[in-house]
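Colleague: I am new to this structure and would like to learn how to read a few of its features. Could we go through them one by one?

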Amino acid sequence: MLAVTTDSEEAIAAINRWIEQTLSYGKDAETAILEAIGADPTCAIARAYAAAYYLSLENGIGWKEATIHVKLAQQYSKNITKREKMYVDAIAAWWSKRIDLAIALHEAIASEFPQDLISVQQGQYQYFYLGDKERLLKIAEKVLPANPNNHYLYGMIAFGLEQCHRLSQAEKMGRKATEINRQNPWAHHAVAHVMETQGRVDEGIAWMESLASTWENCNSMLYTHNWWHVALYYLERGDMEKVLELYDTKVWGKARKATPKDQVGAISLLLRL
């Protein structure tokens, strides 16, 4: 259990929903964290979580929303726990583009509070954009002893292993995560990377399409990205009609049009075509 400074049980319940939504790349993360803030507008970590959500949109509208929540998180952080203060500071550092400081704080949280998988996930996010695949993997691996059966962490480790070209280990970890809980689209994604790298096109299509029904609960970023991977398999087959169908119905058809992550997937698929 990770302590949260609030007197509101409703805020705690909403924060728990936000954590689950965020780890699962769910489509209701924004709703959950705004419910938490509605229940306790002075909850510093809820404000920091909201800021993290809006920063992850990577657009100007999101940055403006994040700014509001960062400032309020700092305002309400006088009497909060050490972990919460570290997290608020990490998100404030991200907001102010001090990425080295943000990463140092996520690493410190991982060492002292290894059950805080939201912080680990965001540490991986920062390492990904720096292109630091080794540390992306290590921040997840170091909290494994504290989370020995957590399928979300297995998905994070699977992606890190794949990025480090440890493909057989990545596939094993991604499959293990999916066996524990099929509702783990990040683990599906890690295995898709492995199969694509190894040219296992038919297996990749079968793997992803067998799990695709679970993506209906995903946010647009991972929903469209996982279908993008499916489209790449069909592109390898030379089935252009299928690729265009997936573009129209899944990749761009279900995109959040103002979000750069969704735009990049659609543009890169058109470029390949």
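Colleague: Is the crossing of α9 and α10 left-handed or right-handed?

Modeller: Please keep in mind that this is a predicted model. The crossing of these two helices, α9 and α10, is left-handed.

Colleague: How are two packed helices described?

Modeller: In general, one gives the angle between their axes and the distance between the axes. Here helix α9, residues 151–163, and helix α10, residues 167–180, pack at an angle of about 160°, and their axes lie 8 Å apart. Because angles over 145 degrees count as roughly antiparallel, α9 is roughly antiparallel to α10.

Colleague: Which residues of α9 and α10 make the contact?

Modeller: On the α9 side they are H151, Y154, G155, I157, A158, L161 and E162, while α10 contributes L167, Q169, A170, M173, G174, K176, A177 and I180. Sorted by class, the contact has nine nonpolar, four polar and two charged residues.

Colleague: Which residues of helix α2 are buried?

Modeller: In α2, which spans residues 29–39, the buried ones are A29, A32, I33, A36 and I37. Viewed down the axis of α2, these buried residues fall within an arc of 135°, so they line one face of the helix. What covers them includes α1 (9–23), α3 (44–56) and α4 (60–75).

Colleague: Where is P260, and what is it in contact with beyond its neighbours within four places in sequence?

Modeller: P260 belongs to helix α15, residues 260–272, and counts as partly exposed because its relative accessibility is 22%. Setting those neighbours aside, P260 is in contact with L57, E58 and N59. The C-alpha atoms of P260 and E58 are separated by 6.5 Å, although the two residues are 202 residues apart along the chain.

Definitions and conventions
Residues numbered from 1 in each chain as written. Predicted model: local features only at pLDDT ≥ 70, side-chain atom pairs only at ≥ 80, totals over all residues. Heavy atoms only, no water. Axes fitted to C-alpha atoms, helices over the stretch in contact; angles between N-to-C directions. Parallel < 35°, antiparallel > 145°, perpendicular 65-115°, else oblique. Left-handed = near helix turned anticlockwise from the far one by under 90°. Contact = heavy atoms within 4.5 Å. Nonpolar A, V, L, I, M, F, W, Y, C, P; charged D, E, K, R; others polar. Buried < 20%, exposed > 50% of the residue type's maximum accessible area, 1.4 Å probe, protein only. Arc of directions from axis to C-beta.
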